[in-house]
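Here are some notes to read alongside the model. Keep the 3D view open and look up each residue as you go.

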Amino acid sequence: MTAQLPEPSAHPAASKELRASHDDREAVVEQLRDAAAEGRIDLEELDARLEQALKSKTYSELAVLTADLPRPDAPGSRPPLVLKGGVNGASRGPGRWEVPGHVVAHGGWGGVKIDFTRAQCRLTDVTVEAYGEMAGVTIVIPDAWSADTTGMDPGVGGLTDKTTPDRLPGTPLIRLSGAGGVAGVIIRHPNRWERRKLRSNPTRHQIEN
């Protein structure tokens, strides 16, 4: 007996037919296996969905397979990522890392840098609280992403927003809040040096797109 797949959920029409990458398919495979381990789907359903996931070419085809499962980053499912600059500073990225729905950065005395350029993000909305404090916070987002900085208090150090509104459908929106403190907060796209590094060592997703 063939396992029945759920009907697709509603997604923005513009993003439905975007081509999925290997990383997108692998993320769905991981979510399906977790769902089977939790008893949400049986082994027959798991096999049917895994086979379809590996054949899927677009986001809409992948969305069908997880439409009846909790989102990996549903509220309460993943704790916030907290970065504290301390004396020596702190950073996340530019390597591969999984983006939670909430990130908190305290610049402290050493500063914090958050680089999303190689991050894996399954969300379309991410909250980032940034507190510049004494050394500041720098946030780097891919060109396809955009930022909403209306919730940010610039403080003494100010807010520097060098991002563009050219967001591609289905990509994350960074909702920035917090306070600039003494040193301020910067949010921007990659600079020339960072772009050179990305070109010299592209991820599979960048190769495919």
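Predicted model: local features only at pLDDT ≥ 70, side-chain atom pairs only at ≥ 80, totals over all residues.

1. Is Arg19 buried or exposed? Exposed means over 50% relative accessible area, and Arg19 has 54%, so it counts as exposed. Setting aside neighbours within four places in sequence, Arg19 is in contact with Lys57, Thr58 and Tyr59. Have a look at Ser56 too: Arg19 and Ser56 are 37 residues apart along the chain, yet 9.1 Å separates their C-alpha atoms.

2. Now zoom out. The protein has six helices and 10 strands, and buried residues make up 41% of its 209 residues. Take the contacts with a separation of 6 or more: 71% of them are between residues 24 or more positions apart. The accessible surface comes to about 11500 Å², and carbon and sulfur atoms account for 52% of that.

3. Next, a helix pair. The axes of H2 (residues 22-37) and H4 (residues 59-66) come within 10 Å and cross at roughly 5°. Angles under 35 degrees count as roughly parallel, which means H2 is roughly parallel to H4. On the H2 side, the residues that meet H4 are Asp24, Arg25, Val28, Gln31 and Leu32; their partners in H4 are Tyr59, Leu62, Leu65 and Thr66. By class, that's five nonpolar, two polar and two charged residues in the contact.

4. Why is H4 described as largely enclosed by the rest of the structure? Six of its eight residues are buried. They are Ser60, Leu62, Ala63, Val64, Leu65 and Thr66.

5. On to the nonpolar cores. The largest has 24 residues, and Ile114, Phe116, Val128, Ile139, Ile174 and Leu176 have the most contacts inside it. Several strands give two or more residues to this core, including S1 (81-84), S4 (112-115), S7 (146-153) and S9 (173-179). S5 gives the largest share, three residues.

6. Leaving out residues up to four places away in sequence, Ile174 touches Phe116, Val126, Val128, Ile141, Trp145, Ser146, Ala147, Asp148 and Ile187. There's also a second, separate core, with 13 residues, among them Ala36, Leu46, Ala53 and Leu65.

Notes:
Residues numbered from 1 in each chain as written. Heavy atoms only, no water. Axes fitted to C-alpha atoms, helices over the stretch in contact; angles between N-to-C directions. Helix = DSSP H or I, 4+ residues; strand = E, 2+ residues; numbered from the N terminus. Parallel < 35°, antiparallel > 145°, perpendicular 65-115°, else oblique. Contact = heavy atoms within 4.5 Å. Nonpolar A, V, L, I, M, F, W, Y, C, P; charged D, E, K, R; others polar. Core = buried A, V, L, I, M, F, W, Y, C linked by side-chain atoms within 4.5 Å. Buried < 20%, exposed > 50% of the residue type's maximum accessible area, 1.4 Å probe, protein only. Areas by Shrake-Rupley, 256 points an atom, 1.4 Å probe, with all protein chains shown as cover.
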